[in-house]
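Please keep the sequence and the three-dimensional view at hand while reading.

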Amino acid sequence: MTASPDLGTPRIATPDLLRSVFRQHAAGVAVITAHGTRPVGFTATSLTSVAAEPPLLSFGIGTGASSWPAVAEAGHIGVHILGEHQQELAATFARSGADRFGPATSWRTGPEGVPLLDGVLAWLVCRVVARVPAGDHRIVLAQPVVGDPAGPGRPLLYHQGRFNALRD
């Protein structure tokens, strides 16, 4: 490998390199929910719009995640776009062992039995169409069936290992 004065010193690809590179990538923050024997959910920054026709989205989830068993079996999932006022909610759903659907979380049962979080910028209930193996994760492809894009506020972002607000 040859170093470029504009690019710094190249490093061999490792999990640490990938994490370091993606800390530079600002991402929107979503919470994915599902219902198994109980409601489950997790914070995701891997949410992506895949296609408009038919509408499809994707997100990644680790197969070791506590939410994976429910997501692995769920016919439908909830997708929630968080606002900058929801940093604590994002942290709760990111924290291992947290009581994600405890008294501090305002939620209700939505269409298809999917847990829906209150106060989000936007939400979708989606039908799961595929779970694609990708290393120690699965890429879940889902088709929106109902939703609401009309929540007030501005999006929450994740950058450099922290939740941030969008700046003009």
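The sections below treat aromatic pairs, nonpolar cores and a hairpin.

## Basis of the report

The structure is a predicted model. Its residues are numbered from 1 along each chain as the sequence is written.

## Aromatic pairs

A pair of aromatic rings is described by the distance of the centres and the angle of the planes. In this model, a search of the whole structure finds four aromatic pairs. One of them joins Phe42 and Phe59 in a tilted arrangement, with 5.9 Å from centre to centre and 55° between the planes. This pair links distant parts of the chain, since Phe42 belongs to strand 3 (residues 39-44) and Phe59 to strand 5 (residues 55-62), 17 residues apart. Phe42 is buried, with a relative accessible area of 11%; Phe59 is also buried, and its value is 0%.

Phe101 and Trp107 form an edge-to-face pair, with centres 5.0 Å apart and an angle of 75° between the planes. Phe101 is buried because its relative accessible area of 14% falls under the 20% limit. Trp107, at 29%, is partly exposed. Ring pairs also bring in Phe93, so that Phe93, Phe101 and Trp107 are linked into a cluster.

In soluble globular proteins, nonpolar side chains tend to be buried together. The largest nonpolar core here has 18 residues, of which Ile32, Phe42, Phe59, Ile61, Val71 and Ile77 touch the most other members. At least two residues of this core come from each of strand 2 (30-35), strand 3, strand 5, helix 2 (68-73), strand 6 (76-81), strand 9 (122-134) and strand 10 (137-148).

Which residues are in contact with Phe59, leaving aside its neighbours within four places in sequence? They are Ile32, Phe42, Ser46, Leu47, Val71, Ile77, Arg138, Ile139 and Val140.

Another core, of 14 residues, lies apart from the largest one, and its members include Phe101, Leu116, Leu117 and Val120.

## A hairpin

Strand 11 (residues 156-159) and strand 12 (residues 162-165) are paired in the antiparallel sense, over four bridges. Tyr158 has Phe163, in strand 12, as its bridge partner. Together, strand 11 and strand 12 form a hairpin with two residues between them. In the turn, Gln160 has a positive phi of about 55°.

Key. Predicted model: local features only at pLDDT ≥ 70, side-chain atom pairs only at ≥ 80, totals over all residues. Heavy atoms only, no water. Phe/Tyr/Trp six-rings, centres within 6.5 Å; stacked < 30°, edge-to-face > 60°. Buried < 20%, exposed > 50% of the residue type's maximum accessible area, 1.4 Å probe, protein only. Core = buried A, V, L, I, M, F, W, Y, C linked by side-chain atoms within 4.5 Å. Contact = heavy atoms within 4.5 Å. Pairing = 2+ DSSP bridges.
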